[in-house]
Amino acid sequence: MPMTYNEPTVPTYPASVVLPTAGDGVRSTSGAAPADPVWLKLQNGVAGARFQGYGGGIRRSIKCYASNAITVNPLGGVAVKVAGVWTALLDTTGTVFDPTAGGTVTLGISTRYWLYVTITAGALVYSISTTAPDSGRKYMTSDESQLYVSTFITNPDRSVVPYVQSDNRFDYYDTENQPSIKVLTNGAATLTATVTIGLPLPTQSHNASMRFSIGNNTGHAAVIYDFAGTVLATLADNGVIANYVNFHTALDTAHKFQYNVSNATYVIQGYVTGFNL
């Protein structure tokens with residue numbers, strides 16, 4: 001009689017497949033190699049592969065405008081190790097994750113966190129950690145049970161800096177009101193000065209979107225350079241309104257840039273507004 005094997009909801013990848021011994025019954029539970037597990041293992045592997053390829057593969061689309069709500073749109077196929085076995089689950093609904101766990105978790109001051117997901121009891125479970133992902137941005141370093149999803153930082157008041165994410169492109173929101181992404185405050189160096197970007201740019205990223213602003217002191221100017229000395233932007237005021245410049249650039253491995261102003265009484269402000277990871 002034919003038997004139907006429905007696609008598993010949480011398939012596991014078989015580490016090996018043992019062919020049945022001649023004469024074993026399809027539903028045998030004894031003998032050298034019962035056939036039943038072979039078909040189940042194969043189906044699990046096929047289902048897992050289908051989940052991971054669903055819609056073209058995993059997609060990270062995230063927005064966060066409040067410290068207690070990170071909206072994670074459907075990821076697609078999630079594959080992690082569960083008790084050492086590769087396991088897959090298809091996410092077609094997404095979630096809203098609260099990193100403060102309803103106020104029971106106190107986030108650190110000016111801290112970078114990483115958002116991960118795992119599979120527990122057939123469901124996706126999200127968590128945060130200060131441990132960065134591996135060099136491939138796939139899983140938590142040394143832990144393939146935790147799939148990398150996102151990253152965010154906090155302000156000195158422990159609030160989450162609002163941001164949006166499309167795969168590994170991140171853009172901060174409301175930039176001039178977020179202390180943790182300000183990298184230059186009242187810059188007034190008339191001789192070229194070097195600034196190292198810290199918290200707002202992950203160490204794994206080597207490019208940044210930046211925003212600089214100047215006041216309205218007529219006749220003054222500022223120049224922004226990369227660490228190699230190439231001019232990235234020049235600002236000049238008109239005595240009426242503040243001037244702004246936005247640009248995206250590659251940075252050296254230490255995340256440095258340089259600047260100078262034309263007069264010591266003239267100051268500029270600088271922010272990181274986004275990055276690619």
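A surface patch is made of residues with over 30% relative accessible area and no salt bridge, and nonpolar side chains are joined into one patch within 5 Å. In this predicted model, Tyr 65, Val 164 and Tyr 173 form such a nonpolar patch on the surface, with about 310 Å² of accessible area together.

**The surface patch**

- Tyr 65, one of the members of the patch, is located in strand S1, which spans residues 61-66.
- The relative accessible area of Tyr 65 is 48%, so this residue is classed as partly exposed.

**The nonpolar core and Ile 224**

- The largest nonpolar core contains 56 residues.
- Within this core, the residues with the most contacts are Ile 70, Met 210, Phe 212, Ile 224 and Ile 268.
- Strand S6, covering residues 112-120, gives the most to this core, contributing six residues.
- Ile 224 belongs to strand S15, which runs over residues 221-226.
- Ile 224 counts as buried because its relative accessibility is 0%, and buried means under 20%.
- When residues up to four places away in sequence are not counted, Ile 224 touches Phe 212, Thr 230, Val 231, Leu 232, Ala 233, Leu 235, Phe 247, Phe 257, Gln 258, Tyr 259 and Ile 268.
- Among these partners of Ile 224 are Phe 212 and Ile 268, which are also listed with Ile 224 among the residues with the most contacts inside the core.
- Tyr 259 is another partner of Ile 224; the two residues are 35 residues apart in sequence, yet their C-alpha atoms are 4.4 Å apart in space.

**A buried threonine**

- Thr 87 is part of strand S4, made up of residues 85-91.
- With a relative accessible area of 5%, Thr 87 is buried.
- The side chain of Thr 87 reaches the backbone oxygen of Val 85 at a distance of 3.0 Å.
- Leaving aside neighbours within four places in sequence, Thr 87 is in contact with Val 10, Pro 11, Thr 12, Val 78, Ala 79, Val 80, Val 82 and Ile 119.

**Salt bridges**

- Side chains of opposite charge can pair when their charged atoms come close.
- The structure holds four salt bridges, including the pairs described below.
- Arg 59 and Asp 167 meet through their side chains in a salt bridge, with an N to O distance of 3.2 Å.
- This pair links distant parts of the chain, 108 residues apart: Arg 59 is in the loop between helix H1 (36-53) and S1, while Asp 167 is in the loop between strand S10 (163-166) and strand S11 (169-172).
- Arg 59 is partly exposed at 42% relative accessibility, and Asp 167 is partly exposed at 32%.
- Glu 144 and Lys 81 also meet in a salt bridge between their side chains, at 3.2 Å from N to O.
- This second pair links distant parts of the chain as well, with Glu 144 in strand S9 (residues 143-153) and Lys 81 in strand S3 (residues 76-82), 63 residues apart.
- Glu 144 has a relative accessible area of 36% and is therefore partly exposed; Lys 81, with 28%, is partly exposed too.
- A further salt bridge joins the side chains of Arg 169 and Asp 171, with N and O at 2.7 Å.
- Arg 169 counts as partly exposed at 21% relative accessibility, and Asp 171 counts as partly exposed at 29%.

Note on methods. Residues are numbered from 1 along each chain as its sequence is written. This is a predicted model: local features need pLDDT of at least 70, side-chain atom pairs count only at pLDDT 80 or more; totals for chains, interfaces and linings use all residues. Side-chain values use heavy atoms; hydrogens and water are left out. Helices (H or I, at least four residues) and strands (E, at least two) are DSSP runs, numbered from the N terminus. Buried means under 20% relative accessible area, exposed over 50%, partly exposed in between (1.4 Å probe, protein chains only). Contact means heavy atoms within 4.5 Å. Patches are made of residues with over 30% relative accessible area and no salt bridge: like charges are joined within 9 Å, nonpolar side chains (Val, Leu, Ile, Met, Phe, Trp, Tyr) within 5 Å. Accessible areas come from the Shrake-Rupley method with a 1.4 Å probe; for residues, only the protein chains shown count as cover. A nonpolar core is a set of buried Ala, Val, Leu, Ile, Met, Phe, Trp, Tyr and Cys residues joined through side-chain atoms within 4.5 Å. A polar contact is a pair of N or O atoms within 3.5 Å; within protein, one must be able to donate a hydrogen and the other to accept it, and residues adjacent in sequence count only if both atoms are side-chain atoms.
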